[in-house]
Amino acid sequence: MRIFLFILLFSPIVSWAQQKFTINGYVKDAANGEELIGVTVLVQGQSMGTTTNVYGFYSLTIPESSYILQFSYVGFETQTLPVSLDKNVTHNIELVNESTQMEELVVSGERIDANVTDPQMSKRTIDVGQVRKLPTFMGEADIIKTIQMQPGVVMAGEGSSSFFVRGGSGDQNLILIDEAPIYDPSHLFGLFSVFNADVLKGAELYKGGIPARYGGRLSSILDVRTKDGNNKEIQGSGGIGTLASRFMLEGPIRKEKSSFLISGRRSYIDAFLKLANNDNSVFFYDINAKVSWKYGNKNRFYTAFYSGRDRFDIDNNFGFEWGNATGTFRWNHLYNDKLFSNLSIIGSNFDYKLQINDPVQGFDWTSNLQQASIHYDFNYYISPKHEMNFGYQLSGRRFSPGTITPTSSTSAFQSLAQEKMYAIDQGVYADYTQKPNDRISITYGLRLSIFQNIGKADVILYQDPRDNVNITRIDTLSYEPWETVVSYINLEPRFLFLYQLNSFSSLKASYNRMVQNTHLISSGTLPLPFNTWSPSNYYLKPQVADQYAIGYFRNFKDNRYEFSTEAFYKDIDNITDFADNAQLFFNTDLATEYRQGTSYAYGIEFLAEKKRGQLTGFLSYTWSKVIRDIPGVNQDLEFVANYDRRNVVNLALLYELNPQWTFGTTFNYSSPRPITMPSGSYQYNTYNVDYITERNGYSLPAYHRLDLSATLDPKQKRERKWKSQWVFSIYNVYSRKNPFTIYTRTKQDKDGNIIGDGTEKEARLIYLFPILPSVTYNFKF
């Protein structure tokens, strides 16, 4: 009852001067039955319309009359539907793919241009088809690499799946696959991501103006959806690449009623190493599976599963592995013509392991994070000018920081387990969109976040919690299972505003507050498999971010070209960091290493994009600055974050020469990234010890790289079921030595001999990849 009272606060009084009726339904791909996300549904000749939601559903309530509805979607032929609306009706629509010929399909009728008319700003919808044809690393199409090229996004560097959005750190991005969280999206330390492009339906990146249904992270939401499976005929696809191969099979269980999808991907670097009589082993794999079924037009059910794993073994003496596993059950239900609901039951597990096989110092270290969630979300389509979303979300998490086990009876290590931590996270939200006139659109929302750190738990009290040198324990507080240790309640307002200047340009503004109660325990920038997570607790307060953004949006030449510029300011309280020279690995007094302070970031982004014609692509530029001020860190002085890259330029182009050949190129430039380096060293007994005086006081060289690709779709008879494709790529065309990291060592000559008395140090640059050609064979049947 309380949730509905909460929702009513957002509901305006709508008067109905004329009887109105509702037309609704689902919009699908005619070829395979997949529901399409974001299809524009327009009433021709009038400024009324809507778009399909993330499940392909639309609902439009308009006065009684005769209309022509237009359904349009990028890559599909526009379809019109005459309708005489004198009662509530349902129409499911199937859209047909556009011709693949070189000539462009001319679309008649009016067009809703979301870039100009949608109040949502700071959002990028990723074109999966474009991702497949852009240059790739070793032939693996990777959506994360495309995400890293978006305006406002900064990449960590070579060989990393980390990305940083508008001054936020990598752990402040919520990454979802079918609504389930992914805590580490990387394979092979970030050379690839966990997302197999073959199974992806779509992906959306929110950098600001984040809808109220999302919570739990400060900086961005990456919402990835997988295909539901072809419900009309059996289809298969796959690819054989330089380092990995993949295969997917999908088809109907009962035609047009239920479907399945199963996909697998595995690298075979370990097989090459075995052939070379190398004892090292490196591999990863992914498995995706999904079953979808429909029960009438009011109920749809989906079950999705993902499992992925990485493993490294070095000389059978040292190894580590990590993996994600997720499962999602969804039930879509249509209560009436205007009220759509989705109930999701979600599970996620992220685990990691470090192993050393040694008679004296051998041990196994394991850790994991488990999450179970229930989401109940509603879309209420009041009228073309009024729409509401609301819902309730509940999550429970178990944090297992680490268990160490000796690998032999002679090992110096003893069995030890850090205490598990538990948390319950609840969210109640509502947002409301209204359009007072044809020029103005306003979306306002509110999210109530209720977080509890619960027992069973023992909280150690310290004489000085910030003294990580002379640690003095003074007491212990014990909590029973499910007993609240500490709770945090926060309100998170959201706001979007659109003013349309004319038919081809608009101004937008947004504000959002985000709260994060899950903290990454790591002092590095790169995603390492032994990073651990902690909930907000007795010593860690929730991180809170306020972001403001304004933007100008304009289209040119019948919407062939899109331009936008956005400026943002973000302020973060309780940003989590750690004391200088902190000991994070298996520290039973980790609370003494926590440091929290403030951070602020600001910047401006530019984007120019061409979406139609033989030549398509985008050019983006971002200037930004990120500053942290954390007591107890960097001698209490402000310092730049280690992902502060002031200037970032990204270019992605595709040129369709003819129906057989498509050429692609990408170029990335990022200005130098700050790092922390020793300022000098001193001698202690026989050891030379480095000392650090400034956090992130040095910089790596600038990053830049050019990649090229050529995609060949051979001529094939239309009736032939087997279709093939070749993708040729060149990574790092001019073989730039982009920095991976820098380390210091005692100065040596070219033969490895120490120079002088051994007190002088030198910096050494590590880079990963020179020019790398690759070829991938893709097939479909």
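Predicted model: local features only at pLDDT ≥ 70, side-chain atom pairs only at ≥ 80, totals over all residues.
Tyr538 is partly exposed, with a relative accessible area of 39%, where partly exposed covers the range between buried, under 20% relative accessible area, and exposed, over 50%, taken with a 1.4 Å probe on protein chains only. Residues are numbered from 1 along each chain as its sequence is written, and side-chain values use heavy atoms, with hydrogens and water left out.

Let me turn to the rings. Rings of Phe, Tyr and Trp, the last by its six-membered ring, pair if their centres lie within 6.5 Å, and planes under 30 degrees apart count as stacked, over 60 as edge-to-face and the rest as tilted; by this rule there are 37 aromatic pairs. One of them joins Tyr462 and Tyr539, a tilted pair at 6.0 Å centre to centre with 55 degrees between the planes. Tyr462 lies in strand 30 (residues 457-462) and Tyr539 in the loop between strand 35 (532-535) and strand 36 (543-556), so the pair ties together parts that are 77 residues apart in sequence; strands here are DSSP runs of E, at least two residues, numbered from the N terminus. Tyr538 and Tyr539 also form a pair, this one edge-to-face, at 5.1 Å and 70 degrees. As for burial, Tyr462 is buried at 8% relative accessible area, whereas Tyr539, at 22%, counts as partly exposed.

Elsewhere, Phe247, Trp722, Trp726, Phe728, Tyr777, Phe779 and Phe781 form one aromatic cluster.

Terms used:
Helix = DSSP H or I, 4+ residues; strand = E, 2+ residues; numbered from the N terminus.
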